[in-house]
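Look at the structure first, then read on.

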Amino acid sequence: MSDIQLWTLIMVGVSFTLYIYIAFRSRVKETKGFYVAGGGVPALANGAAIGADWMSAASFISMAGIIAFTSNGYSGGAYLMGWTGGYVLLALLIAPYLRKFGKYTIPDFVGDRYNETARLIAVLATIIMSLTYVAGQMRGVGVVFTRFLEVDTNLGVVIGMVIVFFYAVLGGMKGITWTQVAQYSVLIVAYLVPAFAISSELTGVVVPHIGFGEITAQLDGLQADLGVAEYTASISGDALRNMFLLTLALMCGTAGLPHILVRFYTAKDVRAARFSALWALFFIALLYTTAPTIGAFSKFNIIDQLDGTPVADTPAWFNNWADAGLISITDVNEDGIISLAAEAAPPPDPLPVPGQFGELVIDNDIVVLATPEIAGLPAPVVGLVAAGGLAAALSTASGLLLAISSAFANDVYYKKINPQASEARQVMAGRIAIAGAIIVAGYFGVNPPAFISQVVAIAFGLACSALFPIIVLGIFWKRANGIGASAGILVGFGFTFVYVLTTVKLFGDAPLTDPWFLGIPATAIGAVGMIFNFIVTIVVSLLTKPPTAVMQELVEEIRYPGKTALVAAHLAGQVDESKLHGEEGKKE
Amino acid sequence: MDDAARKAYWRSNVRIVTVLLVIWALVSYGAGILLADWLNQWSLIDMPLGFWFAQQGSIITFVLLIAVYVWYMDRLDKRYGITEYETEVRHS
């Protein structure tokens with residue numbers, strides 16, 4: 001066993017023993033605790049937990065590589081701005097009001113504010129979106145195990161599936177809040193240590209955010225020599241429009257993610273919910289401002305070490321990842337020397353190969369994990385980064401699986417299938433949903449449709465097209481009604497989902513069609529779906545009857561954070577259904 | 001809170017949210033995307049300014065925006081005498 005493998009096992013072993021110990025200590029049995037910790041989690045801890053839920057394999061493992069290698073460098077900023085800017089929307093437009101409303105889940109809010117039809121569509125959208133998201137995490141777990149356990153990718157994913165299942169089932173939310181805090185700590189250390197080390201090694205400046213400047217300037221020169229656009233060069237035309245739409249989809253998607261929103265209910269009250277959002281973004285920003293520096297440092301090192309090197313003389317890290325099947329070189333011009341120049345790339349056949357960089361094909365998802373090896377950092381650091389990547393993938397997966405489980409157990413099983421179900425049976429139904437979701441996600445972990453960040457971006461697009469408009473309108477526009485919201489979510493989410501199904505590779509080698517709506521890629525289409533949702537919800541609401549006077553008063557009251565009579569009565573279940581939803585909106 | 005106080009509270013809330021969201025959009029969609037090309041004529045820590053906003057500056061601004069919001073709302077709550085908050089959470 002190599003040093004790197006040994007240290008990876010040690011780091012993963014120690015960190016996971018810690019998480020499982022904490023989860024076990026705070027295990028919960030009743031339904032309430034399983035989904036939402038019963039209040040009382042401090043804002044700082046809640047913020048760190050949100051950070052861990054948030055920073056998935058997409059942020060940790062995949063994003064830096066996508067930024068540095070999928071585009072010239074600059075346009076990857078869409079991921080950075082999109083996945084942080086959404087918090088501003090969340091903190092200012094959504095979190096405080098949902099906390100005041102006081103219902104457990106997003107479908108609960110949608111069902112109460114609108115009607116049962118809207119709730120059911122919201123539940124389906126939540127489940128589909130969360131599944132897509134979990135699929136990305138499975139791929140992340142697969143990459144880590146393939147490289148560091150030197151097992152087959154399929155086996156790597158299966159090991160991950162088993163771990164995730166036990167994790168989500170044992171913990172429940174309360175356990176997970178505190179394990180998430182521990183996970184955040186591990187993954188942020190794992191991310192920052194190599195960044196600081198490489199920055200001082202390459203530039204002599206310890207702080208990567210400053211060393212970043214010198215390296216991007218050098219990359220500009222290197223890329224110009226290789227015949228590709230400069231690293232920092234701006235873009236225009238369709239590429240600019242797509243960057244704009246992707247940023248919008250990711251931002252508004254953030255504000256519609258069930259596993260993030262549910263965390264605001266673990267805050268003690270409205271005030272704590274605001275502070276949770278602040279701490280969450282602060283913790284997230286630590287990683288997000290560092291990610292582009294990691295990407296740039298790695299790209300610089302890769303060009304430096306590979307371009308012009310004899311094919312027979314590749315460095316050890318390259319050989320390790322080549323054995324895992326995640327990086328390769330085709331000596332197109334057969335001169336025995338690696339060339340990363342654009343002109344050395346083989347012609348696309350028939351589709352361009354993702355990750356093609358001259359004669360090199362690099363799986364973008366390995367960049368962060370390989371970074372410490374590429375920079376020649378010691379084995380414990382390599383192991384630490386692998387442990388961090390696993391924590392990121394598993395923590396997000398478990399948070400999402402809980403969202404799926406609660407949506408299925410409460411909204412589908414209890415409400416639609418078996419209203420007499422006992423608490424124990426509901427928890428069991430939730431666990432079965434978790435198992436089913438893991439199996440579907442596992443399939444896409446073995447047959448990834450795209451790089452992790454792209455799969456997760458699609459999940460965000462689905463969330464934004466389905467939920468963002470009806471949540472925001474539900475809070476800020478009293479006139480929005482059940483028929484409008486149902487129609488809006490159906491059109492917006494339906495359009496986005498169909499677009500994704502037809503333009504993303506799900507089975508076989510290629511997607512069904514090219515992007516058929518103005519050439520917008522599947523990752524960014526959620527922004528368009530969201531606009532449709534807004535328009536339809538507003539127009540249909542205006543054409544139909546306004547919500548009842550009691551409902552409008554309830555919406556009025558959630559705007560004031562203090563105690564108010566109607567919200568309290570509603571939470572206690574003392575408001576008559578027919579007064580709230582009118583006669584026709586009555587629940588069965 | 002009586003009706004007039006509620007209206008005033010909500011107006012202040014909407015005003016601060018609007019101001020902060022305008023800055024939010026100007027920094028990300030403006031400086032980071034639509035105006036990046038133009039801003040790139042200046043540089044900061046060796047980086048073209050538009051590029052810096054897209055990959056560093058916007059994120060830092062977002063944290064500051066939420067900090068201002070949290071601070072402002074806290075003060076607003078105090079001014080309107082909100083000291084007790086709704087703490088209930090329930091399933092429907």
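Two residues are in contact if their C-beta atoms, placed from the backbone, lie within 7 Å. Keep in mind that this model is predicted.

## A helix pair inside chain A

Start with helix α10 (residues 237-254) and helix α20 (residues 526-543), both of chain A. Their axes lie 7 Å apart. The two helices pack at an angle of about 65 degrees.

Which residues meet? From α10(A) come A:L245, A:L248, A:A249, A:C252 and A:G253. Across from them, α20(A) brings A:G526, A:A527, A:V528 and A:M530. By class, this contact has 7 nonpolar residues, 2 polar residues and no charged ones.

## Where chain B touches chain A

Now turn to the contact between the chains. Chain A gives 57 residues to it, and chain B gives 46. On the chain B side, α1 (3-34), α2 (36-39), β2 (47-48) and α3 (49-79) each supply at least two residues. The largest share, 17 residues, comes from α3(B).

What is this side of chain B made of? It divides into 28 nonpolar, 10 polar and 8 charged residues.

## A helix pair across the chains

Helix α12 (residues 270-306) of chain A pairs with α3(B): their axes come within 9 Å and cross at roughly 170 degrees. Angles over 145 degrees count as roughly antiparallel, so α12(A) is roughly antiparallel to α3(B).

Key: Residues numbered from 1 in each chain as written. Chains lettered and ligands numbered in written order. Predicted model: local features only at pLDDT ≥ 70, side-chain atom pairs only at ≥ 80, totals over all residues. Axes fitted to C-alpha atoms, helices over the stretch in contact; angles between N-to-C directions. Helix = DSSP H or I, 4+ residues; strand = E, 2+ residues; numbered from the N terminus. Nonpolar A, V, L, I, M, F, W, Y, C, P; charged D, E, K, R; others polar. Parallel < 35°, antiparallel > 145°, perpendicular 65-115°, else oblique.
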